[in-house]
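Me: Could you walk me through how this chain is packed before I set anything up?

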Amino acid sequence: MNEIKRTAMIPLVGRPNVGKSTLTNALVGEKIAIVSSKPQTTRNRICGVVNKGDTQYIFLDTPGFHRARTRLGDYMVKVVKDSVADVDGVCLLVEPIAKLGAPEQELIDRLREEKLPAVLVINKIDTVEKAQLLEVMAAYSGAYPFDAIIPVSAQRRDGLDVLMGQLEKYAAEGPQLFPNGMTTDQPERQIVGEIVREKLLRNLDKEVPHGTAVEVTKFSERDSGVIDLDVTIYCEKASHKGIIIGKNGAMLKKIASHAREDIERFMGTKVYMETWVKVKENWRDNLNYIRSFGYDEQ
């Protein structure tokens, strides 16, 4: 294994649902960030670590940049803004649409303010024709002096080698920050909670999943290697609790079963999980609750 002599700290930023977590997982080579078709899936900044040659890349998967409507939303936007500072380069992810929206313009203004080198990554290129892609490249080329404009499909892993080749130019001499074999800075307890939240997002409709938080209250390992988990799902309304549990508990069983499968795959061992649902009204606007669920504004 090569000795790490250089590092590159690179945040992935963009509007909600543009594919930042999918790209992070694809670059790391394993699932470290949850993914769903719903916007604002990611709430915290997540580090994905890749060692390649003599370089360690630290990718910062950030929440989608959006107009906040709750205190939790304020926190998520702050995470994005704080991530675009003291880094080696930035990946701005956009969809193949030949028009800059307000989130893109605000992020570009932030890049200009910080005088940061950046790559424009046009994701989801498998959904458009080449002529449309050229229009997107033309629309963004005059918006900021990007070092490169790279089309990719994170889902199909197309264009990732070209992207990594460009990001290598941002690496600077420095010590190895994460030990070999470590692919994320998230503790196992946090990953388990995020996997459960992903299944809530995938199985529930409308506003219900966005008003949920997950707390892992027990995480213990038996001598046999089996892991025992107690997981509490919090929601904002009593009516939402009924939806999450479902008729005769069917929805909660489905969510827990899908989550357990992914957790066992991630942990590499058998998992027993007990799940409860509790109501904390309007927790997304309560700073004490926000902090208790790990979204710390300090």
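Me: Fine, what am I looking at, and how are residues numbered?

Reply: This is a predicted model, in which local features need pLDDT of at least 70 and side-chain atom pairs count only at pLDDT 80 or more, while totals for chains, interfaces and linings use all residues. Residues are numbered from 1 along each chain as its sequence is written, and side-chain values use heavy atoms, with hydrogens and water left out.

Me: How many helices and strands are there in the chain?

Reply: The chain has 9 helices and 10 strands, taken as DSSP runs numbered from the N terminus (helices H or I with at least four residues, strands E with at least two). Of the 298 residues, 51% are buried, meaning under 20% relative accessible area with a 1.4 Å probe and protein chains only.

Me: Which residues have the most contacts inside the largest nonpolar core?

Reply: They are I10, L23, F59, L163 and L167, in a core of 28 residues; such a core is a set of buried Ala, Val, Leu, Ile, Met, Phe, Trp, Tyr and Cys residues joined through side-chain atoms within 4.5 Å. Among the elements that each supply at least two residues of this core are β1 (6-13), α1, β3 (55-61) and α5. A second, separate core has 24 residues, including V192, L200, I233 and L252.

Me: How do α1 and α5 cross?

Reply: The axes of α1 (residues 20-28) and α5 (residues 160-167), which are lines fitted to C-alpha atoms over the stretch in contact, come within 11 Å and cross at roughly 85 degrees. That makes α1 roughly perpendicular to α5, the class that covers 65 to 115 degrees. L23, A26 and L27 of α1 meet L160, L163 and M164 of α5, and the residues of this contact divide into 6 nonpolar, no polar and no charged.

Me: Switching topic, how many aromatic pairs?

Reply: There are 2 aromatic pairs, counted where ring centres of Phe, Tyr or Trp (its six-membered ring) lie within 6.5 Å, with planes under 30 degrees apart called stacked and over 60 edge-to-face. Y57 and F59 are stacked, at 6.0 Å centre to centre and 5 degrees between the planes. The centres of Y144 and F146 lie 5.3 Å apart with the planes at 65 degrees, so that pair is edge-to-face.

Definitions and conventions. Axes are lines fitted to C-alpha atoms, for helices over the stretch in contact, and angles run from 0 to 180 degrees between N-to-C directions. Angles under 35 degrees count as roughly parallel, over 145 as roughly antiparallel, 65 to 115 as roughly perpendicular and the rest as oblique. Contact means heavy atoms within 4.5 Å. Ala, Val, Leu, Ile, Met, Phe, Trp, Tyr, Cys and Pro count as nonpolar, Asp, Glu, Lys and Arg as charged, and the others, Gly among them, as polar. Buried means under 20% relative accessible area, exposed over 50%, partly exposed in between (1.4 Å probe, protein chains only).
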